Amino acid sequence: MREFQFENQGANTYLIYQFAENEGIDTMSLGMLTNNHISGLASAVYYQLDEVRAVKYNITAKVSLDQFFTGVVNKKRVLGVLNGIIQAMSEMEDYMMNPETIVIDPKYMFVNVTTCEMALISIPTTELDEERVNLGAFFKDLVFTAQFDQNENCGYVAQLLNFFNNNTNFSLIEFKALLDTLNQSGTLEQQRTIPARNTPQRPPVQRPAGEVTIPGQQQRPAGEMTIPGQQQRPAGGMTMPGQQQRPAGEMTIPGQQQPVGGMAIPGKQPVGGMAIPGKQPVRGTVNQNQPQENPVNSGEKPMSRFYLLQHYSKKNAAIYKAQKAEKKLEKEANKKKKKGKKNTIDDGSFTVPGAPVTTNPKQMEQSFAEPVKQNIPSMQNNIPINNVISNNQGTFQGTYAVPQSLQRTGYQSQGAEYKEPQYQNPPINFGETTVLSMAPAGETSVLGPTEMQSLQGAFLLRMKNNERIPLNKPVFRIGKERSYVDYFIGDNPAISRSHVNIINRDGNYFVVDTNSTNHTFVNGNMIQSNVEVPLTHGTCLRLGNEEFEFKVM
């Protein structure tokens with residue numbers, strides 16, 4: 001069993017392997033490893049100090065495979081790891097290195113949490129392990145023990161397990177072909193789903209009833225009708241040589257001279273865009289037999305000054321002036337309406353249920369009688385009611401009279417008992433508290449396990465904004481890779497993609513630095529990567545330059 005140790009040097013984290021005293025070194029593999037960047041292998045540096053010979057591998061900002069598979073993984077991550085291992089072995093053969101020198105142990109196999117690229121450890125030694133690891137069994141255990149995302153199609157997991165169960169002799173070539181098939185199927189599925197999700201669907205054009213559509217002919221905008229055998233204006237406003245163009249939406253009839261902007265009917269002359277029998281087509285003028293209050297046709301489009309300058313004529317000038325005058329009248333009318341609303345004064349009057357409504361303040365003052373400061377046994381036209389009247393100037397207790405004009409049907413004659421009038425809607429009781437719960441009033445709502453755990457368990461207090469972070473998982477990940485961690489820190493570039501893991505084991509909490517760039521500090525002391533350090537109530541935890549405090553309720 002080979003032994004490794006972790007070492008932090010500056011911003012880098014290294015995995016160090018020290019050769020035994022009589023262990024041989026494969027110099028060709030060592031040269032290939034240290035002088036080339038081989039895809040899938042961790043970059044290495046060889047050093048010798050006296051009799052100590054060692055190779056250190058750079059694993060900065062990468063997590064071990066066992067840490068990577070502690071949480072839920074999806075198809076992209078699983079296939080990325082399996083492809084990375086196969087690709088590293090294939091690259092080693094191209095560099096004339098022995099793939100059996102790769103350390104097949106999840107504790108010393110590292111992966112980038114963002115790209116899922118592998119960083120495997122290859123030891124350039126001439127003495128291989130006597131117990132060779134079965135790659136088929138290793139891949140099967142890795143897939144079998146993983147927790148897969150149930151929100152996606154997990155059919156690929158069944159295909160992988162069927163391959164391992166049906167092939168007693170594991171073949172890298174066949175396994176690589178299966179992975180390529182699964183990757184292609186995932187790519188095709190993504191291509192089918194992305195346009196439906198991201199591409200906005202244009203709603204069908206709703207055309208008016210009665211509009212004619214000719215098969216095989218270029219369609220015009222909604223509202224424009226085409227006539228067979230006539231040269232049509234192309235969609236988009238293309239000008240046809242020798243033909244007078246009409247605006248979009250105009251219906252044309254062969255053999256008849258059409259006014260621009262109007263709809264013509266055979267045998268009828270258009271006036272203002274609409275054909276009327278026996279009338280001379282004068283667009284924009286006012287008929288003398290009609291009242292002069294509305295000189296502009298309500299169906300005519302508003303004319304801008306820019307259009308008038310481009311198509312100036314006496315008719316267009318008259319239309320423009322008429323439209324401008326009409327807009328001015330509308331604005332003045334709207335101002336008068338708004339001024340009338342502002343001049344409305346709230347006289348403070350109120351309505352008594354069952355009484356006649358009045359808005360005259362003097363009439364309201366005359367309707368109410370002044371309270372009498374002595375007890376009156378009976379009144380012929382008034383009903384005595386004992387009450388206490390309170391205001392800002394003091395409290396008056398006595399009897400006040402309600403005039404007969406304001407008496408409701410709920411009151412009876414002298415000496416009769418008071419009956420509460422019947423309202424259509426029940427009166428609101430302002431003395432009770434509204435219960436903000438679906439449970440009946442008086443019962444206690446039971447908190448769920450998640451709420452109880454967040455209140456009673458441990459949590460981290462982020463000192464930057466006093467945010468409370470409940471540690472509600474056996475392994476709680478903190479970093480800046482949103483798709484991987486449980487708590488995402490996106491506003492601090494000093495945080496690594498996967499910075500630390502907080503481990504809960506039987507109520508005892510530990511922090512593990514996952515090869516972060518700026519390291520982790522407990523009570524001001526930097527901790528070694530991949531080593532569990534216990535946490536107690538009040539422990540100060542610093543990730544790079546981000547400070548937290550560990551607390552237990």
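Predicted model: local features only at pLDDT ≥ 70, side-chain atom pairs only at ≥ 80, totals over all residues.
In which sense, left-handed or right-handed, does α4 pass α5?

1. The crossing of α4 and α5 is left-handed. Helix α4 covers residues 135-144 and helix α5 residues 155-166; their axes come within 10 Å and cross at roughly 150 degrees. The two helices are therefore roughly antiparallel to each other.

2. Now for the residues that make this contact. From α4 come Gly136, Phe139, Lys140, Val143 and Phe144, and they meet Val157, Leu160, Leu161, Phe164 and Asn165 of α5. By type, the contact holds seven nonpolar residues, two polar and one charged.

3. Next, have a look at the open sheet of four strands, ordered β1-β2-β4-β3 with antiparallel pairing. Its edges are β1 (4-9) and β3 (44-49); each has a single partner strand, so one side of each lacks a neighbour in the sheet. From one strand to the next, the twist averages 30 degrees.

4. Within that sheet, β3 and strand β4 (residues 52-58) run antiparallel and are joined by six bridges. Leu49, for instance, has Val52 in β4 as its bridge partner. Helix α1 (residues 27-35) packs on the sheet and touches β3 and β4, with its direction at about 120 degrees to that of β3.

5. Another open sheet has five strands in the order β17-β16-β18-β19-β22, and here the pairing is mixed. At its edges, β17 (487-488) and β22 (533-535) each pair on one side only.

Technical notes: Residues numbered from 1 in each chain as written. Heavy atoms only, no water. Axes fitted to C-alpha atoms, helices over the stretch in contact; angles between N-to-C directions. Parallel < 35°, antiparallel > 145°, perpendicular 65-115°, else oblique. Left-handed = near helix turned anticlockwise from the far one by under 90°. Contact = heavy atoms within 4.5 Å. Nonpolar A, V, L, I, M, F, W, Y, C, P; charged D, E, K, R; others polar. Pairing = 2+ DSSP bridges.
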